[in-house]
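I opened a notebook on this model to record what I looked up.

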Amino acid sequence: MKKLTSALLASVIASTPLWADPVDDTLILNEEITMVTRTAAPAHMADVVDEVMSGWLFRGTETRAMQADDFDNPGMIFVEQAEEAWNTAEGSEGKSCSSCHNDPASMAGVRPVYPKFNEKAGEVRTLEMQVNDCRENQMGAEPWKYSGGDMVNMTALLASVSRGMPVNVAIDGPAQSTWEAGKELYYTRTGQLELACASCHEANYGMMIRADHLSQGQINGFPTYRLKNTKLNSAHSRFKGCIRDTRAETFKEGSPEFIALELYVASRGNGLSVEGPSIRN
């Protein structure tokens, strides 16, 4: 049994710790696509865990069933809204996303490799950064707010056409320094509770904390529709929420710190299927 890494973490867990192992279940999307929700850990994780698991395995029966069928998945409503935006011309160039990329299906395979190093820009970019680059430099349109409704809808659309494909973000070469920075953040304790990402999602996944079930914190399902706030949520908004819960000063969505953290956390899930938009508590 895993041992708690912090007495402070114990203080927010019920006095009698409850363990709830991930379910033994298979996610088959729309009765057509078998999703990889658990697989051998990538090489850079081998000394930490043997297996990586999607957050889907840590959810209840009803929640898992909702994600398995697009008709029941409320996140797909926002995907449909993004499809309208995809075909809407904006900006000084009078272009839409479809002007260059045709059907959204042409973007299959994009979500699995982001964040990624952009050679021309000389930086690691998230999918949100790339969307805004297209809006500003190809369409002549205003950039969207990083985790605003339009942006999270669009990234959900881009994720949806890659569902079932394995996450495969590169962490070597020019991306390595950003990855290392993200790794440092993942293991750094912060806030009044002195907790790191690893305190919950590595050392104590499988434990019930308050009324929720701690997962490995994988982000292969983002954007995710949270039943708690009934909307799509970006990975960076979730990062903010986690840091807030440690009672620490947080970073901004789209900040260099969160870009690095996203790259590192995404790499922890290499091999899992893209699920977005997923459903979580």
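The entries below cover helix packing, aromatic pairs, single residues and backbone exceptions. I note at the outset that the model is predicted.

**Entry 1: helix H5**

I started with H5, residues 127-139. I checked its length: at 1.5 Å a residue, its 13 residues should span 18 Å, and the end C-alpha atoms are 17 Å apart, which agrees. I then listed its buried residues and found Leu-127, Glu-128, Met-129, Gln-130, Val-131, Asn-132, Asp-133, Arg-135 and Met-139. The cover over these residues includes strand E6 (116-118), strand E7 (123-125), H6 and helix H10 (256-268). Just after H5, I noted that Gly-140 has a positive phi of about 70 degrees.

**Entry 2: H5 against H6**

How do the axes of H5 and H6 cross? I found that they come within 10 Å, at roughly 110 degrees, with H6 covering residues 149-160. The two helices are therefore roughly perpendicular to each other, since angles of 65 to 115 degrees fall in that class. On the H5 side I listed Leu-127, Glu-128, Val-131 and Asn-132, which meet Met-151, Met-154, Thr-155 and Leu-158 of H6. By class, this contact has five nonpolar, two polar and one charged residues.

**Entry 3: H3 against H6**

I next looked up helix H3 (residues 75-86), which packs on H6 at an angle of about 100 degrees, with the axes 8 Å apart. That makes H3 roughly perpendicular to H6. From H3, the residues Phe-78, Val-79, Gln-81, Ala-82, Glu-83, Ala-85 and Trp-86 take part; from H6, Asn-153, Met-154, Ala-156, Leu-157, Leu-158 and Ser-160. I sorted the residues of this contact into nine nonpolar, three polar and one charged. Met-154 and Leu-158 of H6 meet H3, and I had already listed Met-154 and Leu-158 as meeting H5.

**Entry 4: H9 against H10**

For helix H9 (residues 235-245) and H10, I read a packing angle of about 100 degrees and an axis separation of 10 Å. H9 is thus roughly perpendicular to H10. His-236, Phe-239, Lys-240 and Ile-243 of H9 meet Phe-258, Ile-259, Leu-261, Glu-262 and Val-265 of H10. The residues of this contact divide into six nonpolar, one polar and two charged.

**Entry 5: aromatic pairs**

How many aromatic pairs does a search of the whole structure find? I recorded eight. One of them is Phe-58 with Tyr-205, an edge-to-face pair at 6.4 Å centre to centre, with 85 degrees between the planes. Phe-58 lies in the loop between strand E5 (51-53) and helix H2 (61-68), and Tyr-205 in the loop between helix H8 (197-201) and strand E8 (207-209), so the pair ties together parts that are 147 residues apart in sequence. Both Phe-58 and Tyr-205 are buried. I also noted one aromatic cluster formed by Trp-179, Tyr-186, Tyr-187 and Tyr-264.

Is His-213 buried or exposed? I found a relative accessible area of 10%, so His-213 is buried. His-213 is in strand E9 (residues 212-213). Leaving out residues up to four places away in sequence, His-213 touches Ala-20, Asp-21, Pro-22, Phe-58, Arg-59, Gly-206, Met-207 and Met-208. Phe-58 is thus a contact of His-213 as well as a partner of Tyr-205.

Glu-123 is in strand E7 and is partly exposed, with a relative accessible area of 31%. Glu-123 and Pro-223 are 100 residues apart in sequence, and I read 23 Å from C-alpha to C-alpha.

**Entry 6: backbone exceptions**

I found a cis peptide bond from Tyr-114 to Pro-115, with omega near 5 degrees. Pro-115 is in the loop between helix H4 (97-101) and E6. Another cis bond joins Phe-222 and Pro-223, with omega about -5 degrees. Pro-223 is in the loop between E9 and strand E10 (224-226).

Glu-194 has a phi of about 50 degrees, in the loop between helix H7 (176-187) and H8. At 47% relative accessibility, Glu-194 counts as partly exposed. Thr-230 has a phi near 50 degrees and is in the loop between E10 and strand E11 (231-233). At 51% relative accessibility, Thr-230 counts as exposed, because the class begins over 50%.

Technical notes. Residues are numbered from 1 along each chain as its sequence is written. This is a predicted model: local features need pLDDT of at least 70, side-chain atom pairs count only at pLDDT 80 or more; totals for chains, interfaces and linings use all residues. Side-chain values use heavy atoms; hydrogens and water are left out. Axes are lines fitted to C-alpha atoms, for helices over the stretch in contact, and angles run from 0 to 180 degrees between N-to-C directions. Helices (H or I, at least four residues) and strands (E, at least two) are DSSP runs, numbered from the N terminus. Angles under 35 degrees count as roughly parallel, over 145 as roughly antiparallel, 65 to 115 as roughly perpendicular and the rest as oblique. Contact means heavy atoms within 4.5 Å. Ala, Val, Leu, Ile, Met, Phe, Trp, Tyr, Cys and Pro count as nonpolar, Asp, Glu, Lys and Arg as charged, and the others, Gly among them, as polar. The expected span of a helix is 1.5 Å times one less than its number of residues. Buried means under 20% relative accessible area, exposed over 50%, partly exposed in between (1.4 Å probe, protein chains only). Rings of Phe, Tyr and Trp (its six-membered ring) pair if their centres lie within 6.5 Å; planes under 30 degrees apart count as stacked, over 60 as edge-to-face and the rest as tilted.
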